[in-house]
Amino acid sequence: MISLQNLQICYGEVEVVPDLSLDIEKGEFFTLLGPSGCGKTTVLRSIAGFVNAKSGKIILDGQDVTHQPAEQRDVGIVFQNYALFPHMTVRDNVAFGLKVAKKKSNEIKARVGRILEATGIAEHAGKKPDALSGGQQQRVAIARSLVMGTQVLLFDEPLSNLDARVRDDMRKEIKRLQRELDFTAVFVTHDQDEALSMSDRLLVFNKGNADQIGTSDDIYSRPATPFVCEFVGASNKMSPELKAALGLKNKGLAYIRPEEIRLSDHGALPVIVRDIDFLGPTSFVDVQFQGEILRVLVTGTDALNKLSVGQEIKMDVNPEKIQLFDIGADEDVQS
Amino acid sequence: MKMSSHSVQKSLYYLGIALILWVAVSFIYTPIFAVLTNAFVADGTVSFKSASELAGSNRVRGAITNTIIVTVFSVVTVNIVGIFQVAVLEYLSVRGRRILKVAYAMPLVFVSVVAATGYNFTYGQTGVLTRVIQSFFPALPNDWFSGIFAVIFAHTFLLTSFHYLFLRAAIRRVDYSLVEAARSLGASNMRAFVSVVLPLLLPTIFATSLLVAYKSLGSFAIPAVLGGRRFDMVAELILTLNSLRRPDMAAMLSIGLGIVVILCILLMQRIEKRGSYGGGAKTPVPIQRIVLSNPIINLVTHAAAYLVALIQLLPVVLVMIFSFAPAKSIIAEVIPSSLSLTNYIAVFSGGDAFTPLKNSLLMGGIAVSLGLAISLFVVILANRYKNRFTTGLDLTFMLPWVLPAPFIAIGLITAFATPSVLLGNQTLLGSFWILPIGYAIVVIPLMIRVLRAAFYSLDPYQLEAARALGASPFYRFMRVTLPAITPVIVLVAGMNINTILSEYSMSAFLFNVNNKPLSIALFEGARSTNPEQAAINLVYMTLIMVFSYFIISVADRYGLGRSDSR
């Protein structure tokens, strides 16, 4: 459906994306995940046609669109703020593209009516965008693109301005619409929870490079690089002392997730409780092992109640879940 | 027995109230009442004689027709030039934007009588450009640049300041992702501009159009200098009627002008209230300039952009250069053969040449001091006690904002042409004081608006903190409030002195031998054929522009914008 081949993007002298190749399947929910400034939005905007590639190709549905202007690409985009035209009603917003394409008025009416029904906003058709809730605005933005018959929808961090509770509902809403209306979604976010929960597959960006492409489980459980391991989910970077204590011979970097450490009175390694972050169903406990602070996930409140700051306790580390990398411990994984 | 500081404060407060009431009655209500009685009362009974006489006069009808034609044309042409300038500066990818921006900003410093004189110096009878064109086309008549054409031309390139200030700000608020959204739905750049950007700018365009109309309706200096002897507009005709000893007709005409101006302002406030579309973006995408891919359109756009810049820049540059030229060269040469400081020395060495500048600075200083004292008192009072009295006081001093300068001037003239009880049986007309008082009335509304905004933006917690620490109201004002608003006071003073230096409308009505201001000297200089006078005029114009530039730059830094000068 979408294929990027050796894509290179520069802003003036600065190379933002050096060399990216990627295939996205039809009907897939694909996420570009990475910290801010990593180039993920740039890639999305180049697919939309707002940023020119310096070299490489963008293939949409078998057609090379690399040098086509945005208005000819047939790609929908849902902006961070939805970019609904504030002076038009919902109906006019949705009809905009069809009018530009000079469709007949009865066809416009029929298609707009169908998509408004399908996205559940038919009752708001006569309202202006500022009279809608965030969720309704999002549906208008999606409907506006889909009414064009667009099979590809690009989402540029559409949930980043919302508070946590609304964001959860919106995630489900986007996923539901994508399943029901069967479009291909390319979703940009810096929020790992969002990426892991929504995506069929995701790509983790690190300074314009794809560090890993895979399913949520691949990315979380089998990170390809130290950067992916640190960026997606919480991780404890293991000190040489801890590795020695666990009998690890590996000279590169090693990580362990907080949920793979157990605290008990009968564990193998002695630690001191340094801090307790009570979060409800699961909480974080910081423990000190030979000068190194490790973060441990504790489930439920019973286990937590037995702990106090300064207390000496023991811990076990699940050896099967240690992530080992060949890269040297002195190399900066963020760079 | 020694009075406590509290009772001293209380007595001062009541003295202040008494003074402010006297000012309101004497200089706002009495002049308005005088205009109304002059217009509608003859021989002790209500009469519409002056109205019917006005209606019967060909000259009045001509002036009204001229004013309407000039206003309608100006609104159209200023919008064409203004919207084009904003598109060039903010929406299109045009080379040399920095220099274009400087040129397009000229109407901010080149205003009123200074601009009129500058245009006359460039395009007028002995103007530099007229001489250049005549050297190629000797058949060009000397007075080619006069009458209604010259007035509309000058308006077109001098009233774009509202577009420069407000429309540019509005287009910057348009979220560029709206344009991208339109393009992703298949719209071209042009279609996106017309269907999405322009509708979002419409409220602002409408508001700036009304401001242009407001300015054109009351336009005085430009038609007076450039219109020629057979061309009248309403403001100038009011002055003429007054000098023909027909204050009743002058008053009636100024009421007519006032009503139209008030309608403009009411309409504008309605638009402001309806608000404009901001796009609502929390993180708006900054606008990206559109590259014109069609080479012909691109060339034409560049050519037009630079032509407009040249028209706006040329008079300013010529005035500045020739202010350093020997007097002889001013009416003879196209490029001065030598440059010196002689003209500046002539102005600053005192004597006659210095008098108008001295007068204007003195009267500006007096008007601004009086205006500040009154405005501060009104704003503080309205801020502290929100009741009918303070609201009424506030509205009273805002009244001159909706009244055109000729209306207020005719009011002052007719109210104080004879000894008045309100002034201890003194006659104001013909005295030095009438003009600074007129200036003060004109500047107070802007001062109140700016100071009110400054008071609103004060952090209330600071005052509560001072109160919690035991500071008295007076102490809080002196140590917390005043230091916070001092920069605003200084700026608003500068902005208004700037306005007064080139103020023409009020000056033309109220000046006399005791107080001839700079703007009148400039106007007279523009009509004189004496090269020495022309040289001094150029120095004045340069000085006013430099001062304006300084004040506007500082004001811009503090986000206060430009004073709405008449």
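Which residue with a positive phi follows α10(B)? The residue that follows α10(B) is G186(B), with a phi near 100 degrees. Helices (H or I, at least four residues) and strands (E, at least two) are DSSP runs, numbered from the N terminus.

The structure is a predicted model, in which local features need pLDDT of at least 70, side-chain atom pairs count only at pLDDT 80 or more, and totals for chains, interfaces and linings use all residues. Residues are numbered from 1 along each chain as its sequence is written, and chains are lettered from A and ligands numbered from 1 in the order in which they are written.

The predictor assigns the complex an ipTM of 0.78 and a pTM of 0.80. For chain B, the average pLDDT (the predictor's confidence in each residue, from 0 to 100) is 88, and 96% of the residues score at least 70. Among the elements of chain B, the highest mean pLDDT, 95, belongs to helix α8 (residues 147-158), and the lowest, 81, to helix α22 (residues 460-468).

Between the chains, 22 residues of chain A are in contact with 22 residues of chain B, where contact requires C-beta atoms, placed from the backbone, to lie within 7 Å. On the side of chain A that touches chain B, two or more residues each come from β6 (76-78) and α2 (90-100) of chain A. The greatest contribution is that of α2(A), with three residues.

Helix α10 (residues 176-184) of chain B is mostly covered, nine of its nine residues being buried; a residue is buried if 20 or more other C-beta atoms, placed from the backbone, lie within 10 Å of its own, exposed if 12 or fewer, and partly exposed in between. The buried residues include Y176(B), E180(B) and R183(B). The cover over the buried residues of α10(B) includes α1 (40-48), β6 and α2 of chain A, together with α11 (189-217) of chain B.

Chain A is divided into domain 1 (2-231) and domain 2 (238-328), with bounds from an automatic or database domain assignment. The C-alpha centres of these two domains of chain A lie 39 Å apart. Chain A also holds an open, antiparallel sheet of five strands in the order β13-β17-β14-β15-β16, strands being paired if DSSP finds at least two bridges between them. Its edge strands are β13 (261-264) and β16 (292-299) of chain A, each pairing on one side only. Strands β14 (residues 269-277) and β17 (residues 312-317) of chain A are joined in the antiparallel sense over four bridges, and L269(A) has M315(A) in β17(A) as its bridge partner.

Technical notes:
Two residues are in contact if their C-beta atoms, placed from the backbone, lie within 7 Å.
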